Amino acid sequence: MNRHVIVRTNRRPDAEAVEVLGRVGVATAHEAMGRRGLTHPVLRPIYPGARIAGRAVTVLGQPGDNLMIHACIEQCGPGDVLVVTTTSPSTDGMFGELFATQLAARGVLGLVIDAGVRDVADLTAMGFPAWSRAVSAQGTVKATPGSVNVAVVLAGAHVRPGDVVVADDDGVLIVPREEAPAVAAASLAREANEQEKREKFQAGVLGLDVYGMRATLERLGVTYVDEPADETAPTPTV
């Protein structure tokens, strides 16, 4: 088999699960999935407040070369998230406003790239979300083969075409396609549990008591001591 391929696939995650995961966000879904699936926190949004969840379409390219991003675009469609990695570390500005314009026209939700982006002001103005390792104006060539829609490692996380990419201000989470419905259900249950705790906290109850951590402190040998009265302190007058 040729080691450079463009795989055409219609494999998609459950749409209702994707909607739930996008709404609850990275932190809740990550906890609900057993604290798995996060990329390394080097991938950061180019502007605050963006939140997406969609099907992964993957690119494995060469550092300093964005040929395979061009080749990938026709494989992208509504609700997709473009995931780009390189065969060795790169911070070059592989993605910019012209790419975003093409992807937005096809209904793509955003980009996650373990390399650099540029034209950040334009991307922000057009509301195209991107999570990247770097922001860099460094240009790239279009000369080296790679692959589209193959399994990749994105900043430490394994991503297959059709998996769910969830991204927001807290980072980037990869949910395996087969697990998406179960993770979505667990996320909703966690969300409901957190709301119960939130109401208790708003009423003044402490996390020490809600989580039963006083016993944990005692088991770990943590004790409370009262500070001696300061003999030099002035005596309060009535």
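Buried here means under 20% relative accessible area, exposed means over 50%, and partly exposed is whatever falls in between, with a 1.4 Å probe and protein chains only. The structure is a predicted model, in which local features need pLDDT of at least 70 and side-chain atom pairs count only at pLDDT 80 or more, while totals for chains, interfaces and linings use all residues. Residues are numbered from 1 along each chain as its sequence is written, and side-chain values use heavy atoms, with hydrogens and water left out.

Helix α5 is a handy place to start. Arg190 sits in this helix and comes out as partly exposed, because its relative accessibility is 31%. Glu31 is 159 residues away from Arg190 along the chain, yet their C-alpha atoms are separated by 8.4 Å. With neighbours within four places in sequence set aside, Arg190 is in contact (heavy atoms within 4.5 Å) with Thr28, Glu31 and Ala32.

Phe201 belongs to helix α5 as well, which covers residues 180–202; helices (H or I, at least four residues) and strands (E, at least two) are DSSP runs, numbered from the N terminus. Phe201 counts as partly exposed because its relative accessibility is 34%. Together with Tyr211 and Met213, Phe201 makes up a nonpolar surface patch with about 280 Å² of accessible area. Patches are made of residues with over 30% relative accessible area and no salt bridge, joining like charges within 9 Å and nonpolar side chains (Val, Leu, Ile, Met, Phe, Trp, Tyr) within 5 Å. The areas come from the Shrake-Rupley method with a 1.4 Å probe, and for residues only the protein chains shown count as cover. A salt bridge, for its part, is a side-chain nitrogen of Lys or Arg within 4 Å of a carboxyl oxygen of Asp or Glu.

On to the cysteines. The structure holds zero disulfides, a disulfide being a pair of cysteine sulfur atoms within 2.5 Å. For Cys72, the closest cysteine sulfur is that of Cys76, and at 3.9 Å it is too far for a bond. Cys72 is buried, as its relative accessible area is 0%, and Cys76 also counts as buried, at 5% relative accessibility.

Thr86 is found in strand β3, residues 80–86, and is buried because its relative accessibility is 14%. A polar atom of the Thr86 side chain lies 2.7 Å from the backbone oxygen of Ser88. Not counting residues up to four places away in sequence, Thr86 touches Leu60, Gly61, Gln62, Pro63, Met94 and Asp114.

Thr91 is placed in the loop between β3 and β4 (93–95) and is partly exposed, given a relative accessible area of 43%. Its C-alpha atom is separated by 5.6 Å from that of Ala134, 43 residues apart along the chain. Leaving aside neighbours within four places in sequence, Thr91 has contacts with Ala115, Gly116, Arg133, Ala134 and Ser136.

Thr140 lies in the loop between β6 (130–135) and β7 (147–148), and it is buried because its relative accessible area is 18%. Its side chain is joined to that of Asn66 by a polar contact of 3.2 Å. Such a contact is a pair of N or O atoms within 3.5 Å; within protein, one must be able to donate a hydrogen and the other to accept it, and residues adjacent in sequence count only if both atoms are side-chain atoms. Beyond its neighbours within four places in sequence, Thr140 is in contact with Gly64, Asp65, Asn66, Asp92, Gly93 and Met94.
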